[in-house]
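Work through the exercises below with the model open beside you. Try each task before you read its solution.

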Amino acid sequence: MATDLTAPRTAARPDVASIQRRTLRLLFTTQIIGGIGVTIGIAVGALLAARIAGTAVAGVAQSAGVVGAALLAVPVTRIMARHGRRPGLVVAYAVGAVGGVLVVLSAVTRWIPLLFLGMLLFGGGTAANLQARYTAVDLAEPARRGRQLSLIVWATTIGAVAAPNFAALADRITTGWGLPPLAGPFAFSSAAFVLAAVVLLGLLRPDPLLTARRLAAADTPVVPPTAAAPTAAPVKVRAPRGAGMRAAWSVVRGQPAARLGIAAVAVGHLVMVAVMAMTPVRLGESHADADVLRLVGIVLSLHIAGMYAFSPVVGWLTDRLGRRAVILGGVGLLLAACAVAGTAGHHTPRLSVGLVLLGLGWSGTMVAGSTLLSESVSAAVRPSVQGFSDLIMGLAGAAAAVVSGFVMQFAGYPVLTLLAAVAAVPLVALALRPVPTGAPDEEG
C-alpha cells in the first residue's frame, strides 16, 4: 500500500552532486569574467566622475552604481523566484552591459545625467556577481555551504585583482580609437558582461534553484488518497505566491538569525564602500595624473585580493567555527583597517595595508553573513530574502558612497575612516546576542 501511495511521485531523482559540481564550475568561470567587468569600472569610476562633475559629485556617481545593484536585486530576484537562477543572472549582466555603454557615451558628451543613468544600470553586473554566491548553495550540502559559497566569492579574485591594472591598458587602447580618457575601461566592462550572460544562458542547465525546489517538493510527505482526491498528483514546481520584498521582510522579521545575516552583510559593505570609494581620490591628492592610474591599480588590486583571495579560508572557518564567530572577526578587521588607513597620511604602502585589511573584514562579514542568511529561511522564500538582503546591502553602500564624497571634500580622509569605524560598532552587539542558526523546516 505504501508503494502504491507514493508511486505518482516516483521519478528519476537527479544526480545532485553532479549538477552541483557542474554549477560550481560554470559559476566559477562567469565570476572571473564578471569580476573583470565590475572591477574595471570601480577602478576608474570615481576618477571619471570627478573629472566630469567634480570631487563631491564623484561619491554620488559611485553610489549610483551601488544603488543600481541594490534596486536591480528586486526585479532580478523576482525573475529568479518565478523562473529560476539562469534568466535572472542573464538579465542582470545584460543591464550592466547597457550601463557601461551609457557611461562611455556620457564621457564623450560630458552629459552628467547620462553618467548617472549609466552608473545606475552598470550596477547590474554587481547584482549578478552577488546573486551568483547564492546560486552556489542552492544544492549544497549543509556542512559545505560556507565553503562552496566562498569558492564562488573567491573566483572573482582571478579577474578582479588583475582588472584594475587592465584599466590603464584599456584606456590607452580606446584613446587611440578616439574615446576620451577613462571611458575605454567601461567599454571593456560591457563586453565582459555580455560574454558572461551568453555563457550562463547557454550552459546553466538544469537550473539549480528549480532543481532544489523540485527535490524539496518530491520529499514532501504524500497525503493518502480520499474520495475527493483519489490519486496523488505529480509533483510540479511553481513559483511561490507572495515571494516579494514584503513577504521577505515578514520572514526576516521573525528570524533573528536572518536579521543578523543581513546586518553583517550590510554593515560590512557600508564600511568597505565608504573607505574604498574615496581611496582613488585620496591617491590623486598626492600623485601626478601620470601615476594615479598605476597606483590606483596596485592599491585596489591588493584591496580586492583581501576581499576575495582568502574567501575559501573564510568559508572553511565559517563551517568550522560558526557563523557568528567569523562575523565578529570580520568586524575586528574592519576596525583595524579604518585605523591603519586613516592614519596612513600620504604613505601609500601603509594605505595599501589598510585596504587589504578592509577587504579581509568585508570577506568575513559577507561570507559568514550570507551563509547564515541562506540557511535561516526555507527554499520557498530564499530568493526573495536573498534579494532583500542585497537590496539593504546596496542601499547601505550607496548611502556610504554619497556621504563619503562630501566628508572627503569638507573633512578629509581620516575623518571618513573614523566615521566608517563607528558605523561598524553596533554589529558587534548584535553578533554577541545568541541566535538560533539551524535551517528552518521547509514547511515552517
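This is a predicted model: local features need pLDDT of at least 70, side-chain atom pairs count only at pLDDT 80 or more; totals for chains, interfaces and linings use all residues.

Residues are numbered from 1 along each chain as its sequence is written, and side-chain values use heavy atoms, with hydrogens and water left out.

**Exercise 1. Describe how H4 packs against H7.**

Step 1. Find the helices. Helices are DSSP runs (H or I, at least four residues), numbered from the N terminus. H4 spans 85-109, and H7 spans residues 184-203.

Step 2. Take the geometry. The two axes come within 8 Å and cross at roughly 165 degrees. Axes are lines fitted to C-alpha atoms over the stretch in contact, and angles run from 0 to 180 degrees between N-to-C directions.

Step 3. Classify the angle. H4 is therefore roughly antiparallel to H7. The classes are: under 35 degrees roughly parallel, over 145 roughly antiparallel, 65 to 115 roughly perpendicular, and the rest oblique.

Step 4. H4 passes H7 in a left-handed crossing. Left-handed means that the near helix is turned anticlockwise from the far one by less than a right angle; clockwise is right-handed.

Step 5. List the contact (heavy atoms within 4.5 Å). H4 brings residues including Leu89, Tyr93 and Gly100, and H7 brings residues including Phe186, Phe193 and Leu200.

Step 6. Sort by class. The contact has 15 nonpolar, three polar and one charged. Here Ala, Val, Leu, Ile, Met, Phe, Trp, Tyr, Cys and Pro count as nonpolar, Asp, Glu, Lys and Arg as charged, and the others, Gly among them, as polar.

**Exercise 2. Which helix gives the most to the lining of the largest cavity?**

Step 1. Search the whole structure. Three cavities of 30 Å³ or more turn up. A cavity is a set of points on a 1 Å grid over the protein atoms alone where a 1.4 Å probe fits but cannot get out; lining residues have an atom within 4 Å of a point.

Step 2. Size the largest cavity. It holds about 590 Å³. This volume is the space filled by probe spheres set on the points, which are joined across faces, edges and corners.

Step 3. Look at the lining. Of its 34 residues, Val38, Ile42, Thr126, His269 and Met272 are the closest to the centre. The lining divides into 19 nonpolar, 13 polar and two charged.

Step 4. Name the helix. H5 gives the most, with seven residues.

**Exercise 3. Locate two backbone details in loops.**

Step 1. Arg205 and Pro206 are joined by a cis peptide bond, with omega about -5 degrees. Pro206 lies in the loop between H7 and H8 (208-218).

Step 2. Arg110 has a positive phi, near 55 degrees, and is not glycine. Arg110 sits in the loop between H4 and H5.

Technical notes:
On a 1 Å grid over the protein atoms alone, a cavity is a set of points where a 1.4 Å probe fits but cannot get out, and a pocket is an open set with protein on both sides within 12 Å along at least five of seven lines; lining residues have an atom within 4 Å of a point.
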